[in-house]
Amino acid sequence: MNIAVIGVGYVGLVTGVCLAEIGHKVICQDSDEEKIRVLKEARIPIYEPHLEKLVVRNKNKGRLSFTANLQDAVTNAIAVFICVGTPPLENGEADLSAIEAVTRKIARFSSSYKLIVEKSTVPVQTGLWVERTMNIHRSKNIDFDVASNPEFLREGQAVCDFPHPDRIVIGVQNEKAENLLREIYEPIINCNFNCPIHSGNSCSENELVPLIVTDINSAELIKHASNSFLAMKISFINAIADICEMTGANVRDVAHGIGLDKRIGRDFLRAGIGFGGFCLPKDIQSFIKITKRLGYDFKLLREVEKINEQRIVKVIEKLKRKLSTLKGKTIGLLGLSFKPDTDDIRFSPALKIAQFLLKQGAIVKGYDPEAMGKAEKEFTEVLYCKNAYQTAEKTEALIICTEWEEFKNLDWKQIKSLMIYPFIVDGRNMLIKEQMIKVGFEYVGIGI
Ligand code: UGA
């Protein structure tokens with residue numbers, strides 16, 4: 001099917017590339033001409049494992065192209081996926097101006113039937129707004145449908161998540177829209193594609209995928225409720241971690257013990273310095289705002305948010321307990337991205353810690369395997385280092401902010417010898433406490 005994807009951020013680019021990979025003819029559009037220029041050269045403007053390989057392959061097969069011109073993208077497309085950003089406004093609500101602007105243009109440039117698919121994370125009832133905007137701005141004889149198709153992929157694992165989702169959710173108003181979306185996702189639903197990561201039949205994740213068909217409002221709510229629930233799980237285990245510290249219990253064991261109950265599940269029970277990224281923090285904020293506008297005070301989610309904010313304070317307290325004042329002391333941060341396998345630093349707990357430390361007069365060194373470029377641009381006061389060893393040099397404490405694989409295999413003896421004082425705050429419980437103590441570190445984890 002001819003598909004247009006509007007917006008080549010994380011979600012848009014992965015969606016476009018993966019839809020091409022499963023056999024569709026996809027044109028991706030973005031108003032950022034520099035991004036499009038890079039993509040036309042088959043390079044990618046973000047770090048996402050496996051993505052570049054797929055861009056090259058699908059470009060070469062003639063199934064994937066890029067343009068900065070929205071009219072070019074829309075003209076031949078039957079389905080138009082809207083994947084533009086919905087960043088938070090100052091009051092926490094999602095900024096929907098990009099969605100509205102794009103919808104107007106789609107309406108203006110459409111000269112044949114279009115299925116407009118919202119993929120960006122949007123507040124409930126945005127679909128109705130898109131429909132209204134289309135009705136106002138389209139040529140009267142042009143037919144269209146609106147659908148919601150929320151995305152659940154995780155940064156860093158996106159190319160694996162897209163073809164192997166736990167479920168596909170589509171919110172539609174009629175059978176025509178449902179059938180088109182069924183056709184688009186048929187290869188994934190029936191597992192009728194070659195896994196882009198694991199070749200041939202060796203992919204253990206290949207299985208039939210449930211398709212959930214709902215109305216548009218329910219599909220939009222499924223996305224909000226999913227992200228909120230995940231955030232709630234993280235804040236819950238972080239609260240338990242604090243109680244573990246008060247009682248001498250170990251949060252790893254507690255998480256294991258409760259996670260084996262299938263009704264609870266083992267995922268998203270890793271205690272640490274809290275959730276970051278461009279999705280969970282902003283989605284919760286906007287969900288709280290939407291529900292408030294609807295007349296419901298979502299106290300539970302406000303608490304989830306509060307617990308998350310407190311994670312940073314807790315880390316600073318751990319440092320102060322050991323080092324007393326932080327003024328003039330050099331602290332190293334290992335990991336700057338909000339989680340491993342991404343260069344994304346948006347709402348990263350690591351950078352919140354950096355800001356906190358700088359405010360207290362500390363000297364902050366930092367290193368990340370992939371996020372250095374982005375971090376250097378945004379936070380100029382941090383002293384950026386070439387690797388973990390240089391970061392450790394002359395520090396009085398190291399904080400592990402992101403559990404990158406590369407940090408697990410460091411020569412910790414050497415790290416210790418480089419530090420002024422061998423104190424480690426393991427903000428992700430990545431290391432084995434006993435081993436670190438054996439090497440000679442004073443080690444503090446989260447709830448262990
Ligand atoms: C999240 C959701 O997991 C995706 O399903 C969703 O599609 C996406 O948001 C989105 O709305 O676009 P993502 O933000 O990529 O995905 O990252 P997660 O893997 O959810 O991690 C979010 C944060 O929670 C990270 O900072 C991570 O370190 C933290 N986390 C995660 C924990 O602190 N503990 C855990 O047990 C799990």
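**View 1. Aspartate 344 is buried, at 2% relative accessibility.** Buried means under 20% relative accessible area, exposed over 50%, and partly exposed in between (1.4 Å probe, protein chains only). This is a predicted model: local features need pLDDT of at least 70, side-chain atom pairs count only at pLDDT 80 or more, and totals for chains, interfaces and linings use all residues. Residues are numbered from 1 along each chain as its sequence is written, and side-chain values use heavy atoms, with hydrogens and water left out. Aspartate 344 pairs with arginine 346 in a salt bridge. A salt bridge is a side-chain nitrogen of Lys or Arg within 4 Å of a carboxyl oxygen of Asp or Glu. Here the closest N and O atoms are 3.0 Å apart. Arginine 346 is partly exposed, at 31%.

**View 2. Arginine 37 and glutamate 41 form a salt bridge.** Their closest N and O atoms are 3.1 Å apart. Arginine 37 is partly exposed, with a relative accessible area of 39%. Glutamate 41 is partly exposed too, at 42%. A network of salt bridges links Glu34, Arg37, Glu41 and Arg43. The structure holds 25 salt bridges.

**View 3. Glutamate 405 meets lysine 408 in a salt bridge.** The closest N and O atoms lie 3.3 Å apart. Both residues belong to helix H16 (residues 405-408). Helices are DSSP runs (H or I, at least four residues), numbered from the N terminus. Glutamate 405 is exposed, at 52%, and lysine 408 is partly exposed, at 38%.

**View 4. The ligand is surrounded by 21 residues.** A residue counts as near if one of its heavy atoms lies within 4 Å of the molecule. The closest are Phe152, Leu153, Glu155, Lys223 and Asn227. The shell divides into 10 nonpolar, 3 polar and 8 charged residues. Helix H9 (216-247) and helix H11 (280-293) each supply at least two residues of this shell. H9 gives the largest share, 4 residues.

View 5. Taken alone, the ligand exposes 710 Å², and the protein buries 95% of that. These areas come from the Shrake-Rupley method with a 1.4 Å probe.

Definitions and conventions:
Nonpolar A, V, L, I, M, F, W, Y, C, P; charged D, E, K, R; others polar.
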